[in-house]
Amino acid sequence: MVAKKFYVVWEGRQKGVFTDWDTCKRQVDQFAGARYKSFKTRAEAEAALRGGPGSAAAKAKPAPTKKYAGKGPKTHTADEINALDVQTKIFTDGGCEPNPGKAASGVAVYRDNKLSELRYGLFNPQGTNNTAELNALHQALIMAEQEIEQQATVAIFCDSKYSIQCVTQWAVGWEKKGWKKRDGEIKNLELIQAMFALYKTLKGKVQVLHVNGHVGVEGNELADRMSIHGIDTREESFASFEVPESLKDVLSMRTG
């Protein structure tokens with residue numbers, strides 16, 4: 001997937017930040033004294049526009065990307081999540097009381113960094129924390145497919161490394177070996193197979209990233225509340241929860 005760029009036009013037919021080259025080109029092509037530049041993120045572009053072409057923000061070079069050397073998924077901080085330049089961010093979580101026991105899943109969807117959707121449910125009276133987490137991620141992949149069909153860029157944030165690795169790493173080898181592994185059965189196999197089949201169609205179009213749970217990341221906290229609300233209500237479908245004007249009431253709900 002080609003990385004998206006943001007184009008600042010300081011001097012042109014129309015000044016501002018543009019999200020595609022063709023639009024930018026129309027403002028500067030054959031315009032005397034045109035001044036413009038591309039940036040990797042909207043935040044950098046808007047800062048450069050405000051500061052002007054001679055400002056430090058306009059001249060700043062992008063920081064080098066740090067490589068992650070670990071075998072498992074890298075954990076993303078709140079700052080990294082906020083800075084990630086995607087249009088749709090989907091947060092997932094699963095809850096189970098006790099484990100195994102009553103389980104449900106939750107999702108919080110942000111579009112252009114604004115909360116736009118909350119979902120809860122998929123109640124299972126005899127579930128596990130892992131099945132709840134997998135179900136939440138599965139629903140997020142389904143949502144991601146719909147977002148991508150609308151030409152949106154998408155990232156999913158899940159606090160279960162098990163779920164992420166099942167779908168993005170381990171399933172590759174399991175499928176090659178006929179869905180078997182050396183040290184016993186693959187738990188939650190049918191669900192993982194369905195998720196992996198969907199993930200393969202979206203690979204390269206959606207990022208599935210890890211975030212720690214209960215560290216104050218708003219989207220993760222909201223997904224957590226939704227999963228527990230699914231347990232409390234015993235909602236078997238994946239129902240919509242009305243997004244309130246203030247999130248205080250949602251965040252004060254019972255946590256997992």
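This is a predicted model: local features need pLDDT of at least 70, side-chain atom pairs count only at pLDDT 80 or more; totals for chains, interfaces and linings use all residues.
Residues are numbered from 1 along each chain as its sequence is written. Local features need pLDDT of at least 70, and side-chain atom pairs count only at pLDDT 80 or more.

**Stop 1: α5 and α7.** Select residues 129-149, helix α5, and residues 189-202, helix α7. Helices are DSSP runs (H or I, at least four residues), numbered from the N terminus. The two pack at an angle of about 25°, with axes 10 Å apart. α5 is therefore roughly parallel to α7 (angles under 35 degrees count as roughly parallel, over 145 as roughly antiparallel, 65 to 115 as roughly perpendicular and the rest as oblique). Now show the contact, meaning heavy atoms within 4.5 Å. Among the residues making it are Leu 134, Leu 141 and Ile 148 of α5, and Ile 192, Met 195 and Leu 202 of α7.

**Stop 2: α5 and α6.** Leu 137 of α5 and Val 167 of α6 are among the contact residues.

**Stop 3: the cores.** Select Ile 90, Leu 141, Ile 156 and Ile 192. They have the most contacts inside the largest nonpolar core, which has 30 residues. Such a core is a set of buried Ala, Val, Leu, Ile, Met, Phe, Trp, Tyr and Cys residues joined through side-chain atoms within 4.5 Å; buried means under 20% relative accessible area (1.4 Å probe, protein chains only). Finish on a second, separate core of 19 residues, including Tyr 110, Leu 115, Leu 209 and Met 226.

Note on methods. Side-chain values use heavy atoms; hydrogens and water are left out. Axes are lines fitted to C-alpha atoms, for helices over the stretch in contact, and angles run from 0 to 180 degrees between N-to-C directions. Buried means under 20% relative accessible area, exposed over 50%, partly exposed in between (1.4 Å probe, protein chains only).
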